[in-house]
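Let's take a friendly walk through this model, with the cut-offs given along the way. Here it is.

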Amino acid sequence: MGTIRKTLTFTEQQDKWIKSQIEAGEFTNESEYVRHLIRSDQARNSKFIELKSAIQAGIDSGVSERTVSEIMKEIEERMKADGRL
């Protein structure tokens, strides 16, 4: 994978924070830290899109005829089957 060189501008506070992360041994250089932030943002955005899609699917499915108790019972049974309960 090729790389592209970018120039970024930070405030003094941000620069100190980045340097503190490097000094703490979390990252070896500024580029590694910025790439980490971008990967984290991409992962968070991916999860957000997945959640948004699931919410829309729920809205599109309409109103359930089942009671809350019936729904909860089904969830408990599924969790027991999966070994999560």
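The side chains of D41 and R44 meet in a salt bridge, with N to O at 2.7 Å; the term stands for a side-chain nitrogen of Lys or Arg within 4 Å of a carboxyl oxygen of Asp or Glu. D41 and R44 are separated by about one helical turn because they sit three residues apart in helix 2. Helices here are DSSP runs (H or I, at least four residues), numbered from the N terminus. D41 is partly exposed at 40% relative accessibility, while R44 is exposed at 55%; buried means under 20% relative accessible area, exposed over 50% and partly exposed in between, using a 1.4 Å probe and protein chains only.

A word on the source: this is a predicted model, where local features need pLDDT of at least 70, side-chain atom pairs count only at pLDDT 80 or more, and totals for chains, interfaces and linings use all residues. Residues are numbered from 1 along each chain as its sequence is written, and side-chain values use heavy atoms, leaving out hydrogens and water.

## Further salt bridges

The count comes to five salt bridges. Among them, E74 pairs with R66, the closest N and O atoms being 2.1 Å apart. E74 is partly exposed at 28%, and so is R66 at 41%. R66, E74 and R78 are linked in a network of salt bridges.

R84 also forms a salt bridge, with D82, at 3.1 Å between the closest N and O atoms. R84 is exposed, with a relative accessible area of 56%.

N29 lies in the loop between helix 1 (12-23) and helix 2 (30-60), and is partly exposed at 33%. The side chain of N29 reaches the backbone nitrogen of E32 at 2.7 Å. A side-chain oxygen of N29 also comes to within 3.1 Å of the backbone nitrogen of S31.

Helix 1 is followed by G25, with a positive phi near 85 degrees. Just after helix 2, G62 takes a positive phi of about 85 degrees.

## One aromatic pair

The structure holds one aromatic pair. F27 and Y33 form it edge-to-face, at 4.9 Å centre to centre with 70 degrees between the planes. Rings of Phe, Tyr and Trp (its six-membered ring) pair if their centres lie within 6.5 Å; planes under 30 degrees apart count as stacked, over 60 as edge-to-face and the rest as tilted. Both F27 and Y33 are buried.

Notes. Helix = DSSP H or I, 4+ residues; strand = E, 2+ residues; numbered from the N terminus. Polar contact = N/O pair within 3.5 Å; in protein donor to acceptor, adjacent residues only side chain to side chain.
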